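Hi,

Here is the structure I promised to pass on.

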Amino acid sequence: MSSTPLLQVDAIDASIGVINILHGVSLSVSSGELVTVIGANGAGKTTLLRVISNLLKPSVGLVQFDGAPTTAVEAHRLARRGLIHVPQGRQIVPTLSVLDNLIIGAERSEIVDSETLVENLEREYSRFPVLRERKDLAAGSLSGGEQQMLAVSRALMMRPKLLMLDEPSLGLAPQIVKTILNALRQLADEGLAVLLVEQVAMAALSVADNAHVLRNGEIALSGTASELRRDKALVESYLG
Ligand SMILES: Nc1ncnc2c1ncn2[C@@H]1O[C@H](COP(=O)(O)OP(=O)(O)OP(=O)(O)O)[C@@H](O)[C@H]1O
Ligand SMILES: [Mg+2]
């Protein structure tokens, strides 16, 4: 684990049009750490990830990734540097096969030689064996849970340093949520920095190291995940 955080978000304000959505949001994520941001609908979770990915400029504050401010770097260049965002709603290509969706990920990270490609595919197929079984099927024919696994695997084909996920549990059965969150925990244990945005507080807290509760665009509560788990009633009071 490095001593300087890989991602540092410092006192961010962000607006959409004339409406101020985020107010003074600060957090950090280090390599090997899984940080979760929990919040209700409309709390500002997606907006926060959009700011970190430089899809939306903050009006105040600074985001630093891997030692450099992100504001001067276009979103697709940040991805090349290892900041990978799995957006809400997954955004896999439904008409392409599972395999082709994974290959797109590899191409984005400029994996060129076939040996490395095969190694990376094998790694993802062992993470989520169902993807191997379905590799030749159109991604759009997969179940919601399988599509979310594909979205995670495709992101991992891009060789991230920081993986950000926007509500991967959305619409999924608890057992599948557990499979996906456990995979994220394992990735953090292997050294990846993970920023997980969620509404299912207790599930997210069960795999996270540190956590923040976002309410109306402000961080209302922060702590270690185990501290927040012990304060379930308080956490849930902020989720409304
Ligand atoms: N394009 C937009 N134009 C106007 N307001 C917006 C826009 N996008 C988001 N907002 C507003 O910003 C606030 C935060 O939205 P955001 O999508 O970040 O919330 P969220 O926490 O991701 O919610 P959800 O859990 O529903 O995905 C909401 O009040 C929302 O209505
Ligand atoms: Mg959202």
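Gly42 puts a backbone N or O atom 2.8 Å from an oxygen atom of ligand 1. Bear in mind that this is a predicted model, so every distance here is computed from predicted coordinates. Next along, a polar backbone atom of Ala43 is 3.2 Å from an oxygen atom of the ligand, and Lys45 brings in a polar side-chain atom at 2.7 Å from a ligand oxygen. On its own, ligand 1 exposes 630 Å², and the protein buries 58% of that. There are 13 residues around ligand 1, and Gly42, Lys45, Thr46, Thr47 and Glu167 come nearest. Helix 1 (residues 45-52) gives the most to that shell, with 3 residues.

Now the packing. The largest nonpolar core has 50 residues, and those touching the most other members are Leu34, Leu150, Leu163, Leu165, Leu184, Leu196 and Val235. Domain 1 (1-82 + 162-240) and domain 2 (92-159) both give residues to this core, so it lies between them. Another core, of 28 residues, lies apart from it and includes Leu27, Val63, Leu78 and Met164.

Val98, Asn101 and Leu102 are among the buried residues of helix 3 (residues 98-108), as are Ile104, Gly105 and Ala106. Helix 4 (114-127), helix 5 (129-133) and helix 6 (144-157) are included in what covers the buried residues of helix 3. After helix 3 comes Glu110, with a positive phi near 60 degrees.

Cheers

How values were computed: Residues numbered from 1 in each chain as written. Chains lettered and ligands numbered in written order. Predicted model: local features only at pLDDT ≥ 70, side-chain atom pairs only at ≥ 80, totals over all residues. Heavy atoms only, no water. Buried < 20%, exposed > 50% of the residue type's maximum accessible area, 1.4 Å probe, protein only. Helix = DSSP H or I, 4+ residues; strand = E, 2+ residues; numbered from the N terminus. Contact = heavy atoms within 4.5 Å. Core = buried A, V, L, I, M, F, W, Y, C linked by side-chain atoms within 4.5 Å. Domains from an automatic or database assignment. Near = heavy atom within 4 Å. Polar contact = N/O pair within 3.5 Å; in protein donor to acceptor, adjacent residues only side chain to side chain. Areas by Shrake-Rupley, 256 points an atom, 1.4 Å probe, with all protein chains shown as cover.
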